Amino acid sequence: MAQGFAANKIVNAYFSHDVERFVSFYNTHYQTARIQIRQKLNISQEKIGLLTVSRYERLKRLVDIAEALVLVEKKRPDLASRCEYILIGEGECQDHLPILGTLRFVKVHLVHQMPPDDVMAYYCSADISVFASEHDIWGLVVNEALSMGLPTICTDVVGAAEVV
């Protein structure tokens, strides 16, 4: 269960994951990190950055995120053209890649998995975090995203939904 919630901080009692590092990074490096990563990925400041940090596994439901982006393109191409999707991850199952390849308006950035200290800048570069897993008891990426001030969309899994 969550021990507490502050304006920019979530603390989880059952994991030793140091969310305080994320909060500290956000407080001291947010603007610089946001600009650097967006420049690196060629994302303008006006674009809406969607971020998923996940291993490529079926239970992580990356295919569902890809299909949702396809639906946004069909229903709201004006909105889709303002979105850029950043996916940080790696793994064997890559069912989502063919679907992401069909997107015409949403630009996709695939980035290899990296240590938490490196991913903090990517959280700063995003505007919304997306967590679609169907099996995680507690998605630490939700804690990380919230500690970085990111609005988070998640599935109704036990810990993540409670925190959000």
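Reader: Which residues have the most contacts inside the largest nonpolar core?

Author: Quick caveats before I get to that: this is a predicted model, where local features need pLDDT of at least 70, side-chain atom pairs count only at pLDDT 80 or more, and totals for chains, interfaces and linings use all residues. Residues are numbered from 1 along each chain as its sequence is written, and side-chain values use heavy atoms, with hydrogens and water left out. Now, a nonpolar core is a set of buried Ala, Val, Leu, Ile, Met, Phe, Trp, Tyr and Cys residues joined through side-chain atoms within 4.5 Å. Buried means under 20% relative accessible area, exposed over 50%, and partly exposed in between (1.4 Å probe, protein chains only). Here the largest core has 29 residues, and Ile-86, Ile-88, Val-119, Tyr-122 and Tyr-123 have the most contacts inside it.

Reader: Which helices and strands each supply at least two residues of this core?

Author: Helices (H or I, at least four residues) and strands (E, at least two) are DSSP runs, numbered from the N terminus. In this case they are H1 (19–41), S3 (48–53), S4 (83–88), H5 (116–125), H6 (140–147) and H7 (158–163). H5 gives the most, with six residues. Another core, of 17 residues, lies apart from this one, and Leu-100 and Ala-132 are among its members.

Reader: What does Leu-51 touch, beyond residues up to four places away in sequence?

Author: Contact means heavy atoms within 4.5 Å. Leu-51, in strand S3, touches Ile-86, Ile-88, Tyr-122, Tyr-123, Ala-126, Ile-128, Ser-129 and Val-130. With a relative accessible area of 0%, Leu-51 is buried. For Val-119, again leaving aside neighbours within four places, the contacts are Phe-22, Val-53, Ile-88 and Met-114.

Reader: How many aromatic pairs does the structure hold?

Author: Rings of Phe, Tyr and Trp (its six-membered ring) pair if their centres lie within 6.5 Å; planes under 30 degrees apart count as stacked, over 60 as edge-to-face and the rest as tilted. There are two such pairs here. Phe-22 and Tyr-123 have ring centres 6.0 Å apart and planes at 75 degrees, so that pair is edge-to-face. Phe-22 sits in H1 and Tyr-123 in H5, so the pair ties together parts 101 residues apart in sequence. Phe-22 is buried at 0% relative accessibility, and Tyr-123 is buried at 1%.

Reader: Why is the pair of Tyr-26 and Tyr-30 tilted?

Author: Their ring centres are 5.1 Å apart and their planes are at 55 degrees, so the pair counts as tilted. Tyr-26 and Tyr-30 are four residues apart in H1, about one helical turn. Tyr-26 is partly exposed at 23%, and Tyr-30 is partly exposed at 25%.
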